[in-house]
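Biologist: I would like to go through this model term by term. Tell me what each label rests on.

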Amino acid sequence: MKLGVSVGAAVTALVLAACSPAEAPPEASVQPEQGAPTDSSALALSETSASEIAEAIVAGETTSEALVEIYLNRIDEIDRAGPRLQSVLSINPSAMEDARALDAELAETGPRGPLHGVPVLLKDNIETADPLATTAGAMALKDNVTGRDAPLAAGLRASGAVILGKTNLSEWANFRSTSSISGWSALGGQVRNPHILDRSPCGSSSGSGAAMAASLAAAAVGTETNGSIICPSAMNGVVGFKPTVGLVDQARIIPISSTQDTAGPMTKTVRDAAIMLTAMAIGEGATDFAAALSEDALSGKTIGVLRFAEGENEAISARFAAALEELEAGGATLVEIDEFETPDGFWSDAFTVLKVEFKATLNAYLAEAAERVTTRSLADVIAYNSAVGGSELALFDQDILEMSEAESGIDDADFLAARARVLSATRENGIDTLLAEYDVDFLVAPSEEPAFLVDAVSGDPSGAGVGAGWMAAIAGYPHLTVPMGAVRSLPVGLSFIGAKGDDAAILAAGYAYEARTNARVTPAFLASAEAVPVIADAMKRP
């Protein structure tokens with residue numbers, strides 16, 4: 001959709017209308033106070049990409065100030081009230097001032113970059129120089145106002161973005177408890193999936209995924225250690241890109257693993273993800289990932305189809321089959337890959353790596369946290385949580401924190417051996433082997449299962465064997481998820497996985513698939529799956 005007059009008109013209408021909740025769709029069976037705005041101007045914004053918004057700002061069809069006001073109103077209406085998504089943890093008090101300054105700069109000297117004036121949200125484990133705490137959702141870091149920009153935040157500003165605020169997340173990036181609830185934090189409560197509100201937004205970048213799907217900003221940033229960009233992107237129905245580890249600087253981001261951690265964009269479109277990644281990436285003269293996009297990028301490619309990662313859900317398999325047909329229609333050749341086995345002890349080794357690195361990297365981060373932060377080590381955090389009790393530990397424990405504290409240091413021989421084994425299993429004996437043995441350019445699979453129920457009694461389920469994102473996460477290789485439709489109103493995504501450094505090629509392939517399908521689903525804010533019409537009819541007594 002080109003921005004043009006329709007979006008300019010939508011901006012004007014939204015400034016006037018965004019504070020007035022509209023009725024929920026009739027099939028939603030949601031009380032009015034839970035409904036989402038359904039007027040045409042709100043829908044226009046929900047379908048508008050960050051790149052189109054940037055074009056409209058530069059063309060004078062709207063202003064950054066007007067857009068910040070629109071998004072703040074939407075956050076009040078949808079996130080703080082209405083469906084109460086609880087996806088935005090904090091608002092940048094400088095956002096409006098920054099937007100006005102960028103509007104003035106545009107008039108005087110032209111656009112700063114391709115994101116000039118575009119409001120974006122960052123996951124609340126990423127530092128910014130704004131007067132905002134960086135908390136990882138934890139009470140122990142509620143006063144962590146550092147006054148520092150993470151390099152990726154500085155890169156976004158240099159490209160012209162407005163930092164609108166911080167998104168909620170699974171506390172400590174979902175590395176606190178083996179019985180955790182994705183999307184819950186002590187400071188932010190439970191993030192809701194805007195498609196079906198009692199379904200998981202997935203963690204740990206749950207707030208970024210839900211906010212992006214609900215159009216609470218033009219673009220968002222998440223972080224991933226093992227699935228935390230891909231899962232919330234897929235389950236909330238947006239594009240998510242986990243780049244090659246090291247492409248985006250991890251400095252001033254609350255860490256888990258120096259081996260696996262990376263930040264990445266979560267957006268409406270692949271083009272938006274490419275533009276965001278270009279701004280976030282390390283180094284002057286870095287790749288312009290958007291310039292490498294082509295609708296013909298599938299032509300002549302050979303793609304490995306990871307059947308072992310397809311799972312057994314027939315509805316997902318049907319969407320996957322349709323996606324494979326589109327890849328072939330785009331000029332690709334498909335090669336079936338039926339089997340892949342991890343070595344004995346792999347998952348135990350993988351968990352050991354995270355625990356050891358978490359202890360080391362978090363202790364290093366806390367040592368340089370804001371002056372008012374009193375927890376200066378992982379041991380301090382554990383003691384703090386135990387002392388505050390119910391507000392932190394009401395729903396689940398902190399056994400992963402405790403297990404991590406009990407681990408040895410990063411120079412320990414057993415740790416070094418475990419890390420070598422898991423990297424080998426996912427790199428040279430994993431993705432690299434699959435690419436070479438089957439002579440394929442990249443790999444595809446369904447990204448995740450449809451969103452599961454939020455379960456405050458038993459925590460998250462163990463998973464349904466769908467997706468191979470763990471391979472890319474542990475290897476540190478690029479992984480893109482693109483919407484491929486929905487299963488009974490719940491989005492599902494298609495994964496593109498490649499070799500180290502193949503970020504531009506993976507984005508280009510996903511862009512070409514997206515151009516053929518346009519399969520993103522607008523959230524309906526349904527109360528439960530029983531509000532889906534086909535399910536509602538079947539549940540009634542004849």
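Predicted model: local features only at pLDDT ≥ 70, side-chain atom pairs only at ≥ 80, totals over all residues.

Biologist: Which residues of H12 and H16 meet?

Modeller: From H12 come Phe 346, Asp 349, Ala 350, Val 353, Val 356 and Glu 357. Across from them in H16 are Phe 415, Ala 418, Arg 419, Arg 421, Val 422, Ala 425 and Thr 426. This contact divides into 8 nonpolar, 1 polar and 4 charged residues.

Biologist: What makes a set of residues a nonpolar core?

Modeller: Its members are buried nonpolar residues joined through side-chain atoms within 4.5 Å. The largest core here has 88 residues. Leu 152, Leu 156, Val 444, Phe 496 and Leu 507 have the most contacts inside it. Helix H10 (residues 270–280) gives the most to this core, with 8 residues. A second, separate core has 27 residues, including Val 353 and Ile 431.

Biologist: Which residues of H6 are called buried, and what do they pack against?

Modeller: Buried means under 20% relative accessible area. In H6 (residues 151–158), Leu 152, Ala 153, Gly 155, Leu 156 and Arg 157 are buried. They pack against several elements, among them helix H5, strand E2 and H10. Just after H6, Gly 160 takes a positive phi of about 105°.

Notes:
Residues numbered from 1 in each chain as written. Heavy atoms only, no water. Contact = heavy atoms within 4.5 Å. Helix = DSSP H or I, 4+ residues; strand = E, 2+ residues; numbered from the N terminus. Nonpolar A, V, L, I, M, F, W, Y, C, P; charged D, E, K, R; others polar. Buried < 20%, exposed > 50% of the residue type's maximum accessible area, 1.4 Å probe, protein only.
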